[in-house]
Amino acid sequence: MAKSRRVAANKKNKAETKHAHLFKKTPKDFRIGRSVQPKQNLSRFVKWPRYIRIQRQKAILKQRLRVPPAVNQFSNTIDKNQAMTLFKLLAKYRPENRKEKQERLKAIAEDKVNNAKSDKKSKPKVLKYGLNHITSLVESRKAKLVVIAHDVDPIEMVIWLPTLCRKMKVPFCIIKGKARLGALCHMKTCTAVAITDVEKQDDRALNQFVASVQPMYEEAPRAWGAVGFGIKSRHKIRARERELEKEKAKRFG
């Protein structure tokens, strides 16, 4: 029995020596100046730029503080399906860009040089933008719909606009993203846009959208923003609740 074990061991050793080059151990050494360190998530150790730090701190502060109703109403935005319907409509009435304007003015100048009668078209139906312009349109009740961005900074620039729209009985809605409105107006960002007039075929679509959105913003906001606690505070609150439950159990149990 012992002899057979010895023979088996010798065979195994011969096999190992034969194929030793295939199974060489190469352990990694992670001391200084040795193997390359394994990849880690170092985002916690990164010193982020100041504007990013401010953005993040501001977002946390908004969660921790009780936001007043006038500011909190900007978190009540239209849903994804409503936004898709709205942007399909708004895309048809984009104002002309710089190149289109140059071509139009060039055509008018050429007509003047050639003494040709230019076809006088009616005023183009396009989106109106710029806070002062929109304010005057709302005050004169020419705006059929006002679209306001929810992330305007500082918020004081547009905080009064929903109240003015309610007073003048002009329908309005709040959407996510000032950059989306900016893209419509050939700019980086845009605080608000207004529709004053649409083509006959789009009249029904506009009325349907206004009817679906109006109930959301009919009444003046009264709800304060809910306070969101951090993870440490939540653990402390839970611990207190457990202690209170234990005390109640001792008293009444």
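Q: Why is Phe45 called exposed?
A: Exposed means over 50% relative accessible area, buried under 20%, and partly exposed in between (1.4 Å probe, protein chains only). Phe45 has a relative accessible area of 64%, so Phe45 is exposed. This residue lies in the loop between helix 1 (2–18) and helix 2 (50–64); helices are DSSP runs of H or I with at least four residues, strands are E runs of at least two, both numbered from the N terminus.

The model is predicted: local features need pLDDT of at least 70, side-chain atom pairs count only at pLDDT 80 or more, and totals for chains, interfaces and linings use all residues. Residues are numbered from 1 along each chain as its sequence is written, and side-chain values use heavy atoms, without hydrogens and water.

Q: Why is Gln73 called buried?
A: The relative accessible area of Gln73 is 8%, therefore Gln73 is buried. Its place is the loop between helix 3 (69–72) and helix 4 (80–91).

Q: Which residues does Gln73 touch, not counting residues up to four places away in sequence?
A: Contact means heavy atoms within 4.5 Å. Gln73 touches Ile159, Pro162, Arg166, Ile174 and Pro221.

Q: What makes strand 1 (residues 128–129) and strand 4 a pair?
A: Two strands pair if DSSP finds at least two bridges between them. Strands 1 and 4 have two bridges, in the antiparallel sense. Lys128 has Ala194 of strand 4 as its bridge partner.

Q: How do you know that both faces of strand 4 (residues 192–195) are covered?
A: Ala192 and Ala194 on one side, and Val193 and Ile195 on the other, are all buried.
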